Each structure stands twice: as C-alpha cells, then as structure tokens.
Amino acid sequence: MGNDLSGKKVAFLGAGKMGSIILQALLKNGLLSAKSTVATVAHQERAKAQSAKLKVKVGTNNAEAVKGADIIVIGVKPQVVEEVVREISSQITPKQIIISVAASVPTSMIEKHLPTNVPVIRAMPNTPCQLGAGMTAICKGKHAGPNHLAIASRLFDVVGRTVIVDEKHMDAVTALSASGPAYIYIILESLAEGGVKVGLPRDVATLLAAQTAFGAARVVLETGDHPALLKDAVTTPAGCTIDAIMELEEGKLRVTLIKAVVKAAQRAKELAFG
Ligand SMILES: NC(=O)c1ccc[n+]([C@@H]2O[C@H](COP(=O)([O-])OP(=O)(O)OC[C@H]3O[C@@H](n4cnc5c(N)ncnc54)[C@H](OP(=O)(O)O)[C@@H]3O)[C@@H](O)[C@H]2O)c1
C-alpha cells in the first residue's frame, strides 16, 4: 500500500469528538473524498445527526463499514475497543491497516483479536487537533512497517504535528502532550489572574497570556533553541523578570510540573487495557 491517501477508502469506527475532528480535517484538506469515507457510531439517531454534519455515510454496523476499506480508524472509548475489534475481525485482512486513537490500549491487545499479520498503528492525538494545532504521537504494532507509519503520519499531519515513537513511550506521551493542554490552560488561567491582580481587564489579561504562550511555543518550535537559553534572553540583570523567576522557583513551579507529568504517566500505565 502506497502512503498517498488519495483514492484510499477509510472507515472511522466511532465518529465521536476525536474521530470527527480527524475525519473533517481530512475531508476539508481534500486528502479523502466523502464518497470513499464511511463512519460508525453506537446509536442510530446519532448516526443520522453525524451523517448530516460530516456529509459522509454514517451507520452503526462496524463489520459492514470495514468491508473494502484500506484504512480503519478506531475512535471509540478504550473500554469499547475490544468489542469493536471482535466485531470486525472476520472481515479484516493484512492488506488493511488499523489505526487506533484509544488511550491506554496497546497494539498487542488489538492484534490479539485480529487475524495474523494485520498491521496496527496506535496514535495519541490531543484536543488542539480541532484547530490543526494538535500533537500526535504514533507507534507501530508487531506487523506494521515504515509504510504504515508513513500513512498514519500523513493522516495526523492534517491536524497538527506528528512524531513517531516506540510503543514503550506511549504512557509518557499521554502524560505530556495528551493531558498537557489541561496543564497549559491552568497556567494561562493563572497568568491571566496575575494580570487582573495588577489591574488589567480580564479579557486583555487572557489575550496577553494566551498570545504570549503561543508566541513562546512558536519560538521554541521554529528556532529549535533550548527554552533555558530563550528564557535567559528575556531576563535582564536586576530587571523585572528575574524577580518573577525567583517567585516561580520558590513556588516550585518546575518540580511541580515535572511531578505532574510523572504522575499522569503512572496513571496511564495503571489504566492500560489488555
Ligand atoms: N478527546 C480527546 O482529547 C482524546 C485524545 C486522545 C485520544 N482520545 C481517544 O479517542 C477515543 C474517543 O474519544 P472521544 O473523546 O472522541 O469520545 P466520544 O466523543 O465519546 O466518541 C466515541 C464515539 O464512539 C461511538 N461508539 C461507541 N460504541 C461504539 C460501537 N460499538 N461501534 C461504533 N461506534 C461506537 C460513540 O457513538 P454514540 O455517539 O452513538 O454514542 C461515539 O460517537 C478514546 O478512545 C480516547 O481515548 C481522545
């Protein structure tokens, strides 16, 4: 299978929040056509609503949906993955590729319920995918190769950046980039409160905080410079920033963030299915 998505038939099993974000982005960018895309949900009335919204065929029969599909994206909740894989198993061949976005579901669990040699890719996207600013990590299962990773990369590149990792790192990815938007929102909310405390209107404070975070993140991504170096460039000797940094150090911001990621990774490991 070439890694060009055009002409590929794709079935999205579980077109909920995350499934719909990816499906809509692929259609909008012309990487998939509505004609060659199908989706499923659990409830008949949701199928009707999603079909009207997504402008593709949406049903409730997973086994039917995967017939003739080149790529099958599993977007159901983690606890439903096994049931869905069992339903489609008899229709699946090694010529197809399964891409699962379910958190804490190892590729081995999916492979266990499929015929032998079916390529499985596991992906962990995050919510900023809805604006094309997502971060997705992907890893391959036992029977997937570089070509399957390339197909998955092309798919997730339409909703942001994609990185390929070994599966052993997926809990760490969950803890950093999948849960990460929540940490950043807390930081933004707190910075905005700081702005309000020193007299800024709340909307201005929120804009300043969010655009500053966006700009700082862009500089890191585009220059490749180490964040510590970039921080030093803002910190004038005996200026204002160093006083703020002393407060952050006293408040143990760094170690708190490090410990937050460690805790979330431990929890992701505990939650692993299968
Ligand atoms: N949201 C995130 O930030 C995020 C990030 C990374 C990974 N993920 C992963 O993405 C997956 C989906 O999360 P979500 O937030 O998109 O959940 P969601 O909005 O609840 O979507 C789940 C969808 O699965 C459908 N469904 C349930 N059982 C089904 C079945 N047997 N066959 C076919 N469809 C079925 C549901 O249909 P109905 O609408 O009819 O109930 C719903 O549309 C999860 O595994 C999660 O770990 C989510």
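The legends below describe close-up views of the ligand and its pocket in a predicted model. Local features need pLDDT of at least 70, side-chain atom pairs count only at pLDDT 80 or more, and totals for chains, interfaces and linings use all residues. Residues are numbered from 1 along each chain as its sequence is written, and side-chain values use heavy atoms, with hydrogens and water left out.

**View 1. Residues around the ligand.** The shell holds 24 residues, of which Lys17, Met18, His43, Arg46 and Val76 come nearest; a residue is near if one of its heavy atoms lies within 4 Å of the molecule. By class, 13 are nonpolar, seven polar and four charged. Here Ala, Val, Leu, Ile, Met, Phe, Trp, Tyr, Cys and Pro count as nonpolar, Asp, Glu, Lys and Arg as charged, and the others, Gly among them, as polar.

View 2. A polar backbone atom of Lys17 is 2.9 Å from an oxygen atom of the ligand. For His43, an N or O atom of the side chain is 2.8 Å from a ligand oxygen. A polar side-chain atom of Lys77 lies 3.3 Å from an oxygen atom of the ligand.

**View 3. The pocket that holds the ligand.** The ligand takes up the space of the second largest pocket, in which about 950 Å³ of space lies. Its lining has 36 residues, with Gly16, Lys17, Gly75, Val76 and Lys77 nearest the pocket centre. By class, this lining has 15 nonpolar, 15 polar and six charged residues.

Definitions and conventions:
A polar contact is a pair of N or O atoms within 3.5 Å; within protein, one must be able to donate a hydrogen and the other to accept it, and residues adjacent in sequence count only if both atoms are side-chain atoms. On a 1 Å grid over the protein atoms alone, a cavity is a set of points where a 1.4 Å probe fits but cannot get out, and a pocket is an open set with protein on both sides within 12 Å along at least five of seven lines; lining residues have an atom within 4 Å of a point. A molecule sits in a cavity or pocket if more than half of its atoms lie within 2 Å of its grid points. Grid points are joined across faces, edges and corners, and a volume is the space filled by probe spheres set on the points.
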